[in-house]
Amino acid sequence: MSRELVNEICAAQPGAEWSDPWGGGHDCWKVAGKIFALVGAQGLHVSVKTDSLETAAFLIETGVADRAPYLHRSWVALPLDSAPDELAHRIRHSYRIVRGGLAKKAQAALPSL
């Protein structure tokens, strides 16, 4: 899976916004100002949030993902050449987790799922 396809999946999420907050070619995807997916400047992995430390540990232990650098332990880094359906699922799941953690007012201001 290419960086471009990851960006297409992220852009398709309701209310998703792209930025490069640190410069240098990062693809940082946010919903209401909160990151749900991040591709580093080198573009080898996409970092996504999981629902728990246990899920993150499981994905890392089974070789599906690596620990996401610079982020909380509930985040994992999936290689861009992961199975497209797995990658799409993890990106969408990360989006839903982050969106669900927003204040009700912020959630209400977003487009419907």
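**Notes on a predicted model**

1. Start at Tyr70, which sits in the loop between strand S5 (66–67) and S6. Helices here are DSSP runs of H or I with at least four residues, strands are runs of E with at least two, and both are numbered from the N terminus. The phi of Tyr70 is near 70°, a positive value in a residue other than glycine. Most residues other than glycine have a negative phi. Tyr70 counts as exposed, at 84% relative accessibility. Buried means under 20% relative accessible area, exposed means over 50%, and partly exposed lies in between (1.4 Å probe, protein chains only).

2. A word on the basis. The model is predicted, so local features need pLDDT of at least 70 and side-chain atom pairs count only at pLDDT 80 or more, while totals for chains, interfaces and linings use all residues. Residues are numbered from 1 along each chain as its sequence is written, and side-chain values use heavy atoms, with hydrogens and water left out.

3. The overall fold comes next. The protein has four helices and six strands. From the N terminus, the order is α-β-β-β-β-α-β-β-α-α. The C-alpha atoms fill a box of roughly 40 × 30 × 25 Å along the principal axes. The radius of gyration is 13 Å, which agrees with the value near 13 Å for a compact globule of 113 residues. That radius is taken over C-alpha atoms, and the globule rule is 2.2 Å times the number of residues to the power 0.38.

4. Of the 113 residues, 39% count as buried. Among contacts with a separation of 6 or more, 46% join residues 24 or more positions apart. A contact means heavy atoms within 4.5 Å.

5. Surface and charge follow. The protein exposes about 6200 Å², and carbon and sulfur atoms supply 56% of that area. The areas come from the Shrake-Rupley method with a 1.4 Å probe; for residues, only the protein chains shown count as cover. There are 12 positive and 12 negative side chains, and the centres of the two sets lie 11 Å apart. Lys and Arg count as positive, Asp and Glu as negative; His and the chain ends are not counted. Each charge is placed at NZ of Lys, CZ of Arg, CG of Asp or CD of Glu.

6. Look closely at Thr50. Thr50 lies in the loop between strand S4 (45–49) and helix H2 (53–61). At 2% relative accessibility, Thr50 is buried. Its side chain reaches the backbone oxygen of Ser74 at 2.6 Å. A polar atom of the Thr50 side chain also lies 2.9 Å from the backbone oxygen of Ser52. Leaving aside residues up to four places away in sequence, Thr50 touches Thr55, Ala56, Leu59, Ser74, Val76 and Ile97.

7. Ser82 lies in the loop between strand S6 (75–79) and H3. Ser82 is buried, with a relative accessible area of 13%. The Ser82 side chain reaches the backbone oxygen of Pro79 at 2.7 Å. A polar contact is a pair of N or O atoms within 3.5 Å; within protein, one must be able to donate a hydrogen and the other to accept it, and residues adjacent in sequence count only if both atoms are side-chain atoms.

8. Ala32 lies in the loop between strand S2 (27–31) and strand S3 (34–39). Its phi is near 50°, a positive value in a residue other than glycine. Ala32 is partly exposed at 38% relative accessibility.

9. His93 belongs to helix H3 (residues 84–100). His93 is partly exposed, with a relative accessible area of 21%.
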